[in-house]
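Thanks, everyone. I'll walk through a few of its elements.

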Amino acid sequence: MTMHTRSLGTTGPQVSALGLGCMGMTALYGDADPSESIATVHAALEAGVTLLDTGDFYGMGSNELLIGEALRTAPPARREQALVSVKFGALRDPAGNWTGYDGRPAAVKNFAAYSLQRLGVDHIDVYRLARLDPAVPIEETVGAVAELVEQGYVRHIGLSEVGADTIRRAAATAPITDLQIEYSLISRGIERAVLPTTRELGIAITAYGVLSRGLISGHFTADRQLPATDFRAHAPRFQGENLRHNLDLVEELRKIAEHKGVSVAQIAIAWVLAQGRDIVPLVGARTRERLAESLGALDVTLDVADLAAIERAVPATAAAGDRYPAAQMAHLEP
């Protein structure tokens with residue numbers, strides 16, 4: 001395995017070719033083992049992964065605490081290489097319900113203060129609003145993050161799940177490093193307008209959901225029972241006929257993976273890597289075993305014939321069901 005680097009846009013830092021998405025270590029995918037999660041972060045750093053992604057609302061702050069502990073207990077050289085990306089602004093109530101988004105400048109600085117404390121760091125490497133707050137112009141939110149950059153509390157400004165117009169408005173306000181957005185073989189909406197816009201403006205993509213929350217990992221089965229606390233129990237792509245249809249796509253992908261002697265997950269991640277050097281996939285591994293499998297994608301080379309075969313097996317609009325329940329889809333820009 002060779003851990004190459006990529007740039008987060010024209011204004012951002014060099015990062016590893018794969019990043020580690022840490023959300024599932026404390027939230028939304030059922031129970032997780034904190035000790036194994038920390039060991040997985042340490043293994044990722046040891047393998048050369050530099051980008052760690054979290055959100056202040058993941059597990060009501062517990063995800064940031066976990067990453068803080070992982071950084072505190074990592075060897076100093078590994079701790080120094082870590083770049084932490086934080087999403088903010090999602091509002092939740094004590095029962096765990098989602099109640100909206102807050103992008104007001106005063107709220108931005110409040111969220112940052114708590115994140116710095118939980119992470120145990122003196123700055124956040126990339127800071128981004130999780131979803132657009134419809135009540136606050138993006139210029140005001142980005143302007144507040146830009147003030148944090150000037151004050152040394154944030155190094156780079158990112159965006160998350162916004163459309164082309166918002167990207168342009170944000171970039172006209174302050175330098176934007178990257179856009180974090182879902183992108184995978186079965187989530188390709190960004191190819192229409194978002195990706196051309198980020199490429200025009202020199203903004204990178206950090207792609208989450210590259211295995212579509214395990215759906216195209218090759219490990220998910222139709223008879224798997226999900227607890228109510230697992231996000232996928234309510235996600236349209238994991239329901240009934242949608243699930244069966246999507247798993248049929250996975251079986252077509254498995255044929256290509258087996259022909260190349262790699263796993264389904266590895267070929268799915270390699271496909272995202274092959275879409276451009278401005279795209280950094282985030283792998284949501286919760287265990288060292290899954291991390292090792294994901295890192296194996298770095299050794300997978302897809303040639304023109306491979307990419308054509310993958311496109312035939314899983315066409316751009318092949319997936320059945322939205323990627324989020326309707327209430328959450330309403331917060332996403334087209």
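Start with strand 9, residues 154-160, and strand 10, residues 178-182. The two run parallel, and three bridges join them. Take S160: its bridge partner in strand 10 is Q180. Keep in mind that this is a predicted model.

Now zoom out. Which strands make up the closed barrel? There are eight, in the order 3-4-5-8-9-10-11-12, with parallel pairing. On average, neighbouring strands of this sheet are turned by 30° against each other, direction ignored.

Next, a helix on strands. Helix 2, residues 62-73, lies across strand 4 (51-55) and strand 5 (83-88). Helix 2 runs at about 150° to strand 4.

On to helix 8, residues 240-260. Its 21 residues, at 1.5 Å each, should span 30 Å. The end C-alpha atoms are 31 Å apart, so the two values agree. After helix 8 comes G261, with a positive phi near 75°.

Which residues of helix 8 are buried? They are L243, N246, L247, L249, V250, L253, I256 and A257. Look at the spacing. An α-helix has 3.6 residues a turn, so residues three or four places apart point the same way. The buried residues of helix 8 pack against helix 9 (264-273) and helix 11 (304-313).

Last stop: I267, in helix 9. Is I267 buried or exposed? Buried, because its relative accessible area is 0%, under the 20% cut-off. Beyond its neighbours within four places in sequence, I267 contacts L253, I256, A257, K260, V262, L302 and I310. S294 is 27 residues away along the chain, and the C-alpha atoms of I267 and S294 are separated by 9.4 Å.

How values were computed: Residues are numbered from 1 along each chain as its sequence is written. This is a predicted model: local features need pLDDT of at least 70, side-chain atom pairs count only at pLDDT 80 or more; totals for chains, interfaces and linings use all residues. Side-chain values use heavy atoms; hydrogens and water are left out. Helices (H or I, at least four residues) and strands (E, at least two) are DSSP runs, numbered from the N terminus. The expected span of a helix is 1.5 Å times one less than its number of residues. Buried means under 20% relative accessible area, exposed over 50%, partly exposed in between (1.4 Å probe, protein chains only). Contact means heavy atoms within 4.5 Å. Two strands pair if DSSP finds at least two bridges between them. Axes are lines fitted to C-alpha atoms, for helices over the stretch in contact, and angles run from 0 to 180 degrees between N-to-C directions.
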